[in-house]
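Let's ask where a few of them come from.

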Amino acid sequence: MASAPAEVPSHFLCPISLQLMRDPVTLPTGISYDRAAISRWLAAPAPAGGRTCPVTRVPLPPQPPLTPNHTLRRLIHAWLASLSPGAEVDEDVAALRAPASGAEVAALLSDAAAAQVEALKRLRELVAECEDNRAVLESQDGVFDALSRVVSSGDACSTAREEAVGVLASLRIPEPELANVVARYSNLGEALTAVLRSSNLKSRANAVLLVRSLSEAAWPAWVIGLSPELLAEVVRVLRDRISTRATKAALQALAALCPYGRTRVKIVGAGAVPALVDLLLDDPERRVCELALAALDRLCTCAEGRAELVAHAAGLAVVGKKVLRVSDVASERAVRVLRSVARHAATPAVLQEMAQSGVVAKLCAALRSEQCGLRTKEKAHEVLKLHARTWRTSPCLSPKFLGLYRS
């Protein structure tokens with residue numbers, strides 16, 4: 001005869017989701033919620049969510065602190081441990097387990113270092129379960145080196161390498177450890193390229209997250225030595241739209257790599273500029289748009305990048321469209337891109353396209369808009385002054401903007 005499901009104590013349930021709390025945090029009002037649920041609430045626009053405590057309705061400050069409720073977490077884990085082995089529990093309850101012990105994690109890491117797939121999978125699952133497990137794994141001696149060895153190993157199977165990348169991508173790797181990994185494993189870029197070519201979308205997303213971490217540390221020798229193949233795979237992540245998180249990671253990686261001239265040219269050669277333009281054409285969310293324009297801004301500091309932008313049928317138009325449409329950050333980045341083109345790639349055909357596609361009108365509007373900051377307005381004014389003689393006589397420019405050229 002089946003036993004009745006275990007009844008979860010009411011104070012273990014999140015007031016928002018009414019599910020057992022996995023990561024309880026407390027608002028300044030003193031009410032505890034599951035982190036994922038309250039984060040969604042705070043990110044939601046009013047009236048569905050916003051700046052009030054869901055239970056007390058007390059107003060909250062911008063970005064209120066979410067304090068981990070360790071006592072409540074321990075009580076939940078103690079209750080789970082008290083359940084008899086054969087007790088029937090809901091699937092969500094069964095998924096929540098007490099934090100792994102250091103001995104358990106050390107044993108798994110030892111097996112994972114030998115490229116044992118099951119051990120690597122279990123490590124990845126443990127890290128995903130809770131923050132405590134991740135901290136335990138990060139505290140293990142040699143963890144980053146051991147996992148990097150699996151990724152770079154020619155003897156490990158592709159599944160083991162992908163699982164190792166997944167674990168590494170979920171860890172907070174200190175910069176000295178990143179430097180050690182780069183120094184010891186010269187074929188790491190080649191190994192990541194292979195994972196990025198995988199048919200497993202999750203593995204590709206994890207790989208680009210790891211590339212981002214390495215790119216943001218930005219050691220010149222490693223960055224300059226990156227292969228065109230790896231960069232092409234990062235760009236392919238942008239094109240394939242694997243996930244918003246993967247897209248952001250790819251954009252951040254490209255922007256971090258752009259300051260190095262040789263790498264910037266390689267990124268352009270990998271097709272990044274048309275990929276960025278196509279991404280902007282899809283009207284992505286604000287943060288993705290800002291990151292895409294930041295990457296495009298850096299790529300347009302080289303002649304190859306500017307040539308790719310003006311060669312794209314929608315390149316100048318879509319960049320101009322983002323001025324005053326997304327945020328001041330996006331507007332400034334877009335105007336910087338247009339300034340690069342106006343300074344260094346201003347052929348008669350390009351100037352005509354900027355007028356016909358509404359770019360010049362947008363720059364004029366930016367000068368008058370209260371939405372733009374001073375730096376954005378200064379850059380827009382600089383662009384307009386550069387080619388005033390051409391644009392002031394253009395039939396594409398509305399008469400209401402002509403007065404701007406008399407100043």
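The questions below go through some labels for this predicted model and test each one against its cut-off.

Q: How many helices and strands does the protein chain have?
A: The protein chain has 24 helices and three strands. Of its 407 residues, 48% count as buried.

Q: Why is serine 148 called buried?
A: Serine 148 has a relative accessible area of 2%. Serine 148 sits in helix 7, which covers residues 143-152. Leaving aside neighbours within four places in sequence, serine 148 is in contact with Leu168, Val181 and Tyr185.

Q: How do you know that a polar atom of the side chain of serine 148 makes a polar contact with the backbone oxygen of phenylalanine 144?
A: Start with the distance: the backbone oxygen of phenylalanine 144 lies 2.7 Å from a polar atom of the serine 148 side chain. A polar contact needs a pair of N or O atoms within 3.5 Å, and 2.7 Å is within that limit.

Q: Why does glutamate 353 count as partly exposed?
A: Its relative accessibility is 23%. Buried means under 20% and exposed means over 50%, with partly exposed in between, so 23% puts glutamate 353 in the middle class. Glutamate 353 belongs to helix 21 (residues 348-356). Not counting residues up to four places away in sequence, glutamate 353 touches Val310, Ala313 and Leu316.

Q: What makes glutamate 290 buried?
A: Glutamate 290, found in helix 17 (residues 286-299), has a relative accessible area of 5%. The cut-off is under 20%, so glutamate 290 is buried.

Q: Which side chain makes a polar contact with the side chain of glutamate 290?
A: That is the side chain of serine 327, at 2.6 Å. Glutamate 290 is also in contact with Val329 and Ala330. The C-alpha atoms of glutamate 290 and alanine 330 are separated by 4.9 Å, although the two residues are 40 residues apart along the chain.

Q: Is threonine 376 buried or exposed, and how do you know?
A: At 1% relative accessibility, threonine 376 counts as buried, because the limit is under 20%. Threonine 376 lies in helix 23 (residues 374-386). Its side chain makes a polar contact with the side chain of aspartate 328 at 3.4 Å, and 3.4 Å is within the 3.5 Å limit. Beyond its sequence neighbours within four places, threonine 376 is in contact with Asp328, Ser331, Glu332 and Val335.

Q: Which residues make the contact of helix 5 with helix 6?
A: Helix 5 brings Leu123, Leu126, Val127 and Glu129, and helix 6 brings Asn133, Arg134 and Leu137. These residues divide into four nonpolar, one polar and two charged.

Q: Which residues have the most contacts inside the largest nonpolar core?
A: They are Leu171, Leu214, Leu296 and Leu309, in a core of 111 residues. Among the residues that leucine 309 touches are Val273, Leu296, Cys300 and Val341. A second, separate core of 18 residues includes Met21, Val25, Leu42 and Leu60.

Methods. Residues numbered from 1 in each chain as written. Predicted model: local features only at pLDDT ≥ 70, side-chain atom pairs only at ≥ 80, totals over all residues. Heavy atoms only, no water. Contact = heavy atoms within 4.5 Å. Helix = DSSP H or I, 4+ residues; strand = E, 2+ residues; numbered from the N terminus. Nonpolar A, V, L, I, M, F, W, Y, C, P; charged D, E, K, R; others polar. Core = buried A, V, L, I, M, F, W, Y, C linked by side-chain atoms within 4.5 Å. Buried < 20%, exposed > 50% of the residue type's maximum accessible area, 1.4 Å probe, protein only. Polar contact = N/O pair within 3.5 Å; in protein donor to acceptor, adjacent residues only side chain to side chain.
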